[in-house]
Amino acid sequence: MNDRHASPERHGDREEIARLLPAPADWDLPREQHLRHKDLLMRHIDRDQAETTTPEPTAAPVRRARPLLRPALVASAAALALAAAGTTGAVLSGNGGHGDAAAQHAATDMRPAAALLHRISNAAANHGTLTVRDDQFAYTREKVREADLTSGKAVVSPLKDYESWVSQKPGPLHTLGLIRTDGETVPLGAELGDTKGTPAGLSRPTYHWLASLPTDPDKLLAYLYAKTPAAEGRERDQAVFEQIGSLLGGLMPPRTAAALYQAAAKIPGVDRSSRVRDAIGRQGLGIVRDDTRYGVRTEWVFDAKDYSFLGSRSYLTKDTSYGKAGTLLSSTAELAHAVVDKAGVRPAAEDRTKTA
């Protein structure tokens, strides 16, 4: 078929691919993301613990929020809405994963998404390595909207300002840092159940712990399939996709960031989109995955020029008991980050501030 008879959709695909051809510019430092106010999370936990009946199969299931305010995707409203009906326990709780499944997923060809993720990976790899001491803190500033599901309906919050200071000590720690929400500052406590403190790991990814991960994409993906906690009835591919998403934006060694993007391209169901926006409306290139069982789409938003991570968004794709299709569950916009010596003190100069 020649160009004259090509459909508008094909032209759109060609235009999208064409945008990916120029060599990428230097990538901004990756940044931490998605820290949430602990009181809100604890209200989710209290509600789940008080429930004694199993939700109706037709209702949108609720996941219990992780109590730990991780320097990563904690337990956004999107995560809360994705648990299997009748499932109990924490979000992505327990251990699971199989090496053979990871190997199968690693071989999956996701060419449309892979083309974009390859460019993002190259840009990430070209960024300079940070010097981060164990006694320092990772600072993040972001804008956030999220849905409160405690009433049984998605009640979306107004846009809020979040700042966080997360300790880089390997742990285990009882106090992980500080978070400031619209001017109110509270400490970050250890994950529920970590009576001896929370060590560095998937729940608290410090810079040095991230540097210890495999940088071969296949080995990294196998590790994530083996180590990502599982929940009964939860689609494994989506859980790993969200686990990778929870690490994006954090202070991260360039080689680790590059490997994560390449690993994400190997997960079945991952796709790309050019119609995505972050919490403050910045349009960018999207890496997306639909959870068709629960009717939720998760989107990662990247700058179309330098491939820097702008933020994320999740929303319902079908009508559920929590709301109509299109209902926002969570949305973030990464604004700035830095490494600082003391929790609660803003950096003298931030790495980046984008407020389009």
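How many aromatic pairs does the structure hold? There are four in this predicted model.

Start by selecting Y139 and W165. Their ring centres sit 5.4 Å apart with the planes at 55°, so this pair counts as tilted. Now colour by element: Y139 belongs to strand β1 (residues 137–148) and W165 to strand β3 (residues 160–167), so you are looking at a link between distant parts of the chain, 26 residues apart.

Next, pick F241 and W300. Here the centres are 4.2 Å apart and the planes at 5°, so the rings are stacked. F241 comes from helix α8 (residues 236–247) and W300 from strand β8 (residues 296–302), so the pair ties together parts 59 residues apart in sequence. F241 is buried with a relative accessible area of 0%, and W300 is buried with 3%.

Then select Y261, F302 and F309, which form one aromatic cluster. Stay on Y261, and show the rest of helix α9 (residues 254–264) around it. Nine of its 11 residues are buried, so α9 is largely enclosed by the rest of the structure; among them are P254, L260 and Y261.

Finally, zoom out. The whole protein has nine helices and 10 strands, and buried residues make up 55% of its 356 residues.

Key:
Residues are numbered from 1 along each chain as its sequence is written. This is a predicted model: local features need pLDDT of at least 70, side-chain atom pairs count only at pLDDT 80 or more; totals for chains, interfaces and linings use all residues. Side-chain values use heavy atoms; hydrogens and water are left out. Helices (H or I, at least four residues) and strands (E, at least two) are DSSP runs, numbered from the N terminus. Buried means under 20% relative accessible area, exposed over 50%, partly exposed in between (1.4 Å probe, protein chains only). Rings of Phe, Tyr and Trp (its six-membered ring) pair if their centres lie within 6.5 Å; planes under 30 degrees apart count as stacked, over 60 as edge-to-face and the rest as tilted.
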